[in-house]
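Please look over the structure shown here, and then follow the questions and answers below it.

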Amino acid sequence: MFFGKRRFRKIIATIFYFSVGGLIFFIAEVCFAGIVSLESGILATPDASWRAFPGWYGEVHAGSGDLNANGYEEIVAAMGLGGGPHVRIFSANGRLLGQFDAYHPAFRGGVNLAVGDINADGKAEIVTGAGRGGGPHVRVFNGRGELISQWFAGPEQERNGVEVWIEDGRVVTSYDAGSSLGNSIFEMAVPFHKQEHTLSCEVASLKSALSYKGVSISESELIKLQPISYPLKYSNNVWGDPSKGYVGDIDGSQPRLTGYGIYWKPIAELAKRFRPAESFRHAGWHYIRDQIEADNVIIVWGNYVQNPQALIWKTSEGASVLGFIGEHTYIVLGWEGDPNQPDAVVLLDPMRGRLKMTYSEFMRNWSFLDYSGVVVK
């Protein structure tokens, strides 16, 4: 719960405001200009109380100030821990005036904020501090949500967030030092697309990645564009090469050797038709973390089962291919815990949707096919 006290010149009243369960309430000492106050003191008219973030029932941080020097104070609200980095600006009667993300849209530590004039220009600025799980990152925005300045109030590796407030026109900060292992919740909002065929996980994952990057294309169109490796049918331990194209029947069965899949290099080439992309192999967790923080989508090759059975066959050229019954792709959405070695890795499975694995489970799953994948930028 957050409490504050501001004078809203437009309504000629001194108002105490607080937030509970995502709702902002106001209690007026003096009410004029048509504001209706119930016995409880809560301004209950539609113009005086509202849910700052529809669908959000967690903590809300709020402040107010005259952002555009028009003589009226605006209300600024941000989600608390577990919420995104969203900041919204309202008029005193609850009309949405503007909104922006103070930090990366996947950050889930919430935003601490303060509102006040810090440069003596007669307009209040919005000062934000990353919530728990983020570094001591302070940012200053104008009333239009445009970034003015930013800095770190302490070592960047700290992960306990930073509190911010304004005293006498100065930004004051406070953060808990001594630990870089604060709880972090970081998750990209990549849309889920359920694969349309028994063994189409690779193009289904690519469709989701492209959709996140603003490209609208169907799974069937991607299937038509992906290369095919011959021979299509497994015979005498000879089959296609998944590092060159799709192997087998996309509606076949891996255990019965009637269908298999496709690997990272040809999927990266397919992705390049629409967005910058590249394949990788022998990568590590830090590579994934850095790509996600850069708002790039990571598709990894793992397995649908915990203990997959290995398959080895020859291509028509005589090259050996290593595969696994249960070969499967996932999109890495983010993590929970220490960004350097999280407690959980959040994934988007094209069959099951959003799921979590422990860090050790994920790294083992990813290891079978040599820590390989595709990044879509």
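Q: Which elements are included in what covers the buried residues of helix 3?
A: This is a predicted model, in which local features need pLDDT of at least 70 and side-chain atom pairs count only at pLDDT 80 or more, while totals for chains, interfaces and linings use all residues. Residues are numbered from 1 along each chain as its sequence is written, and side-chain values use heavy atoms, with hydrogens and water left out. Helices (DSSP runs of H or I, at least four residues) and strands (E, at least two) are numbered from the N terminus, and contact means heavy atoms within 4.5 Å. The cover of the buried residues of helix 3 includes helix 1, helix 2 (219–225), strand 16 (277–280), strand 17 (297–303) and strand 23 (373–376).

Q: How many of the 8 residues of helix 3 are buried?
A: A residue is buried when its relative accessible area is under 20%, exposed when over 50%, and partly exposed in between (1.4 Å probe, protein chains only). In helix 3, the buried residues are Trp264, Pro266, Ile267, Ala268, Leu270 and Ala271. Helix 3 (residues 264–271) is largely enclosed by the rest of the structure, because the number of its residues that are buried is 6 of the 8.

Q: Is Gln195 buried or exposed?
A: Gln195 is found in the loop between strand 15 (185–187) and helix 1 (201–212). Leaving aside neighbours within four places in sequence, Gln195 is in contact with residues including Ser200, Glu219 and His328. With a relative accessible area of 9%, Gln195 is buried.
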